[in-house]
Every structure is written in C-alpha cells, then in structure tokens.
Amino acid sequence: MSDATDKASEGQSFEQNLDQSAKEVAQFKVKNTSLLNRIQHLLHNNPTLVPVIVLVISLIAFGFIAGSKFFSAFNLSLILQQVSIIGILAAAQSLIIITAGIDLSVAAIMVLMSVVMGNLAVFMGVPSGLAILTGMAGGVGAGLMNGWFITKIKLPPFITTLGTWSIFYALLLWLSGAQSIRGQDIDANASFLKFFGQSFNIGGARITFSAILMVLVFVVLWYMLNKTAWGRHVYAIGDDKEAAEMSGIRTDRTLLSVYGLAGLVCAFAGWASIGRVGSISPQSFYEGNLDSITAVVIGGISLFGGRGSIMGALFGALIVGVFRSGLRLSGVDVLWQVFAIGWLIIIAVAIDQWIRRVSA
Amino acid sequence: MTNPVVKASGIVKRYGHVTAIDHSDFELYPGEILAVIGDNGAGKSSIVKAICGATIPDEGEILIEGKKVNFTSPIDARDMGIEIVYQNLALSPALSIADNMFTGREIRKEGFLGKFLRMLDKPAMETFAREKLTELGLMTVQSIKQPVETLSGGQRQGVAVARAAAFATKFIIMDEPTAALGVKESRKVLELMKDVKARGIPIILISHNMPHVFEVADRIHVHRLGKRLCTIDPKDYTMSDAVAFMTGAKEPPAEITA
C-alpha cells in the first residue's frame, strides 16, 4: 500500500478525497501591486518610516520657505533644545501607550518632582544630589501609584491618571505655595539642579545637556523594549493582555514596572526642566501631558497599544518642534502653529488606521 | 497498570450556590490521548482548569506523577512542564512567531550582554523556533520573524501546538483545538496530536467534535453534571453511545462508571 492511501485510511470517511485535493500552494491573483499598496505594506512593516519621512519633508519645506535662518546649525540645535523636555515626557508616555494605556499625569509628575528637588535643595539645605535622588524616588512612587490603581483596583488608565493629574497638580501648588523658585536662588544654593541646562558649541550648533539626555533616554528605552524579554512582554500586553497572561507573562507585575519606569523618566524630565527653564515654576508645562501625547501619536505609535517604535515619539516631538520653529520663522501667527499641529495629529492617526488595514 | 501521570480525586469547586465540580475524579496515563467530552456546562473545562492551576479547587487532591501539587496559577503548572493550548491560542498578533514561542521563557545571551544588559539571544530563539516548526512539518511560513497576525488560522494553531510540544515534559492540554479550523487544517492538527503522542507526551483533549475525538483518543472521559460519569474506550462504543451518555439519554453500564 502506498504511503498516500495509508494516510487517507486513517482519516474520517468524509476526508477520503482529501488526497486528490489541490496540492499546489495557494496562488492569489496578484492585483495588489499598485504603488500605493506596496507603500502600505512597507509602512506596516516599518511604522517609524512615516514620521521620518514627514520630518525630512518638513525640514526641506521649511528650508525653502523660511530660508537660511531656519536651516542654520544654530536654529536646528535650538529646535532640539526646545523639544527636549516634551521629548523626554513623550518617551515616558510611549511606554504607557504601548501597553494600550494613557497617562495624563506625566507633566504633573515632572513638575511636582522638580518642586520637590528645588524645595529640598534650595530651602532645606539638603545636598543637591540627595534632593535629586529623592525626586527620582518620588517619580517612581508616583508612577507606581498610577500603576497600582490600574493593576490592583482595575481602574482604566485614562480615569486613574485624570485623577492623579489633579492630585499631583494640587500637591505641587501646595508644596511650592504657588511660588516660583528663582534662578538666582538655585544658582546660589544648588547649581547642580541646573546641570542639564549646560551646553557646548560645535560649529555654530549649541547642544544642551538636556537634548543629549533626551536622546539617551530614547536609546536606553528602545534597547529595553526591543532587546530584552521585558520589552517583548510590554508589547505583548499592549497587543492582547489576556493572551499575554495566558502565555505566562505576569502582566500586573510588568505593568507596574512600566508605570514606575515612566514615573522615573518623568522625574528625569523634571530635573532637566530646571536647567532648561532656569527656575522652578509650578505653572510651567501645564499642557505637557497633551503635548507628550501629541508627539507619541505623530510618531506613529498606536493609541490602541502593541504597535509602533518608541523612536517614533522622538521623531514626533521633533516634527512638532520643526513645525513651530519653521512657521514662526516664516512669520506666521502663533495660532496657525496650533492649527497645523492639530492637523498633524488627525493625519497621523488616519495614516495609522490605514496602515493597520493592510493585515485585515 | 502503569502509574497515572495525573491522578485527581474528589475535586470540588463551588461558585456561590453553583457547584461546578462535584467530587470528580480524573486520571491521565502515560502516552495516551485522553478526550474529555461533556455537554455545555457539564464542567469539563472546570475540571481541566483545576488540573492546570487556572482555578483552585475547594476540595480534593491532585497528584502529578505521584506527587501532590497545589498550583495557584497556570504559570506554576507550566514550570512543571505542563503546557496548555487555549482555544483562543494566547498568541500576541503583532509579535513574531519566534517571540511568541518564547513568551515568558526567553533565552538571554551568554556573558555580560545577557547577564547585565539582559539582551535576548534572538538568533538562538529563531533557530529553535524554526527547528520545532519544521519537526512538526509546519515550515510553510515565509519567515520566522513574520508577525503571527499574517498567518492563517491553521498556521496559528500550528504555532501554538508547536510551542506546547516544544516545552511540555509532562503533558499537554488542548482546548477545542479544531473548533475554528477548516477540514484540511483540522486534519493537520490531528496529525500533529498523533505526532506529539508518538513522542511520548500525553494529551488531554477537550472537544465537541465527536469524529475527531473518536479518531485520536485512546480513552474518553465523559463528564456529566460536574463529575466523571464514565470512561469509555472508543473502540467499544459508538459516537451515538458517547453522546447518549453525556446528555443523559442512556445510562452507562455499571462496570465502566466512575
């Protein structure tokens, strides 16, 4: 008896004819080779490509419109400097959004921790290093508090962080007495707090330490997300939390670590913001929460979780910076900057949806 | 008779006033495929969940290879070499086949990179995943790095089975593995099951598909009203007998009742 008939006799009677069924590999009518379709596939495999392309195009476009003032090394480094704080916040936000969450409290954690660091170092005579460490620990604590509500009390991230945004904001107003800590006081008592405000010049470009910190934060988080098991788990949770749980990931523990880490990154942003702003103001970065989400969304990270690269958020933050700078140098009213960013968000999400449909 | 791989006795699980498992027994022997059948709500999923730690029974005792176990989660069971193929497969669609095979037990690089930077050894994981898929005759996918969402239903099932087969040392539980598949894909999964059994790993199969159950099972555990009604040999009974027992249309003969 040949092998093939043997196999068939094992199966069910209604499967007897399976042997004679078509054997060739499925051939699909190749009608999907239009340029647009190929682009869609390419973007599906490389989600960061969209923000990179947009960034390059907008750089070239503003180079033409605004001329050499825009394309100078000084202006480009200025953009980097301007987006550094929001960029770091966007890195924290990306971590949360990849898990299919959202964090409305990132900027509140950041400002709260800068106030904690300032109060300790400037008014209470605590050594700067210790004050900064306390702020970092506070950032982790604030993040873990969000994470605890989300994983243990099972509250939705949106509601949780909407609540903690107010809580942290009220705390920072109370701790600061709604007063700024002046730059001169920081310089006199705790100049280390302004560490990230320092800069150096290379060929007309002024690189601040905060911009370097931003790039470092992105590189480290990119490594963690893509090269470690923890990172794969973060993506798996954002993709399908239940499936991740069933395939053996301790999802609550991983989520807690994500929120704690995001809090730490926010505290770093708080430290960097002291150098960037030059003082500690409780009113600063009030819109930082939404700005960070804007950068993440423009960077092609899906709000539904599990998709997109954290590097996208860096490009997203840079795109916002390039648009602001380019439009300003072109002499356009500030309101049109806001207008343009609004359209960028809508277009970014529309492109995300379009790319997703490729797999369906 | 050989010692059972799993021996559960007097398992009870109550949810409020509902008794999902009512003093049920359960045995799985080495090298066999044991099918668990029962009507909807009979509690066949509950008893299997109790064995793999997904639910914690209120009473009763579970012995695995003669040793008493108290699992508190499926992860405990997994650490002992018990693998589960869930009906929804528990795969992460956006991650690659290799990533999915290793979720929760990734391989890290040797030395400094792995120990301190915790870097994954992706080449090793990809090679292993490719080997396992090829062993089971599943290497029709284009690339081991391709996301699971680009695979067909049968291929996804194949990945889930390959994952279980690769890591199981005690036994595998399969929950309705052919429910969502076409005729050809079902055939493939049934062949996979026989293949896994031939390697000496016993399988617990939960299924509603009588032809599939009667084809692959060595014994059939019939669950009714929260407990084991009887265990039948598919060679001695017909499908209609089995359905009659599980729906209560017919009483099983006294010598096989549990």
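Predicted model: local features only at pLDDT ≥ 70, side-chain atom pairs only at ≥ 80, totals over all residues.
Modeller: Local features need pLDDT of at least 70 and side-chain atom pairs pLDDT 80 or more, while totals for chains, interfaces and linings use all residues. Residues are numbered from 1 along each chain, chains are lettered from A as written, and side-chain values use heavy atoms, without hydrogens and water.

Colleague: What area is buried between chain B and chain A?

Modeller: About 2600 Å², with 55% of that area from carbon and sulfur atoms. Buried area is the accessible area (1.4 Å probe) that two parts lose on being put together, summed over both.

Colleague: Why is the pair B:Asp99 and A:Arg232 called a salt bridge?

Modeller: The term asks for a side-chain nitrogen of Lys or Arg within 4 Å of a carboxyl oxygen of Asp or Glu. Here the N to O distance is 2.9 Å, so the pair of B:Asp99 and A:Arg232 qualifies.

Colleague: Turning to helix α1 of chain B, what makes it mostly covered?

Modeller: Seven of the nine residues in α1 (residues 44-52) of chain B are buried, and buried means under 20% relative accessible area (1.4 Å probe, protein chains only). Among them are B:Ile47, B:Val48 and B:Ile51. Just after α1(B), B:Gly53 has a positive phi of about 90°.

Colleague: And what joins residues into a nonpolar core?

Modeller: Such a core is a set of buried Ala, Val, Leu, Ile, Met, Phe, Trp, Tyr and Cys residues joined through side-chain atoms within 4.5 Å. The largest one has 94 residues, and A:Leu193 and A:Phe218 are among those touching the most other members. Helix α6 (residues 106-123) of chain A gives this core its largest share, 14 residues. Leaving aside neighbours within four places in sequence, A:Leu193 is in contact with residues including A:Met117, A:Ile132 and A:Trp271.

Terms used:
Buried < 20%, exposed > 50% of the residue type's maximum accessible area, 1.4 Å probe, protein only. Helix = DSSP H or I, 4+ residues; strand = E, 2+ residues; numbered from the N terminus. Contact = heavy atoms within 4.5 Å.
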